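Here is a short report on one protein model. Look at the sequence and the 3D view, then read on.

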Amino acid sequence: MNEKIIEKHKNGMAALVWIIIAYIAAIALVIVGAIMTENEKYPPLAIIMIVVGVVWLAVGWIPFMGLKILKPQEALVLTLFGKYIGTLKNEGFYFVNPFCIAVNPAAKTRLGQSGDVSNQQSHINIGLNSINNSLEMPNNKLSLKIMTLNNSRQKINDCLGNPVEIGIAVMWRVVDTAKAVFNVDNYKEYLSLQCDSAVRNIVRIYPYDVAPNVDTTGDGFADDGSLRGSSEVVVSRIRDELQSRVADAGLEIIEARITYLAYAPEIAAVMLQRQQASAIIDARKMIVDGAVGMVEMALERLAEKGTVELDEERKAAMVSNLLVVLCGNHDAQPVVNSGSLY
């Protein structure tokens, strides 16, 4: 289905004026015809005038249905007796065939914009929305504005099998109204489902954090890709994956962003301990490297200046004491030796 833009019907004001004039003329015909029948002059002509006026007053409201007003970034997909005739896309006051019907299967669809709303509040909102939808007049205009889809968080296993929770915000808009209306049943629900599927397909390729022997690019070589450290690459792949899925629905994915990323609650505590242990090991390694360097520097300085002559046994004792002082978690308690060195 190819989109056809209607651009030659911006005559809504002229049509409105002519319809109002026709109504005034119909009222005048009825009044004049009634006067002529009372005076018994030209009764056949008077009856014809009254009939024409009454008929127009009865059906004259139909042309009003052809008046369409569009604001910026709005569109109307029109069908005539089931056939697609075109799309009104530019702002203005239009007059089209009164029997044209505007089609938008997603007019009443409301996508959830937050996964943080409580269940009670959600039920209240759903009830209010259903009441409002039943009371308000249907609006079949398609919005061409940039919109945001913030699906609820998903629990997905990463490439190592660890469950993670991730939330994605997607900026999107309608670029082909015909495809959006006719190629899919409901383009908003279609986008939401395809977003969940694309996120699941991409997230399962990456580990949450950098892991050895993991290939995230598919080139056969291990790399440092991860959900936490390569977020820009991850969202770029999610965007490309999602765009390929919704192209047939006439949608454009402008941008995708990770709004929430964390381990699932059942393993979050264990993974936190693992991260803490890794951090402690890295810190200890750095402390030991620094302490060894300081001991080497102390021994070299003592040997250069000849301040104290130490044999191998005393050097070993000095190294041990310095490493204990430098690598310990608590401040050292000095012991003063008042005797000789040996």
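A polar contact is a pair of N or O atoms within 3.5 Å; within protein, one must be able to donate a hydrogen and the other to accept it, and residues adjacent in sequence count only if both atoms are side-chain atoms.

## About the model

This is a predicted model: local features need pLDDT of at least 70, side-chain atom pairs count only at pLDDT 80 or more, and totals for chains, interfaces and linings use all residues. Residues are numbered from 1 along each chain as its sequence is written, and side-chain values use heavy atoms, with hydrogens and water left out.

## Around D223

D223 sits in the loop between α5 (187–203) and α6 (231–246). Helices are DSSP runs of H or I with at least four residues, and strands are runs of E with at least two, numbered from the N terminus.

The side chain of D223 makes a polar contact of 2.6 Å with the side chain of T216. A polar atom of the D223 side chain also lies 2.9 Å from the backbone nitrogen of G225. Beyond its neighbours within four places in sequence, D223 is in contact with A211, V214, D215, T216 and T217. Contact means heavy atoms within 4.5 Å.

## Around F99

Where is F99? F99 is in the loop between β4 (92–95) and β5 (101–102). Leaving out residues up to four places away in sequence, F99 touches I62, T79, L80 and F81. F81 is 18 residues from F99 along the chain, and their C-alpha atoms are 7.8 Å apart.
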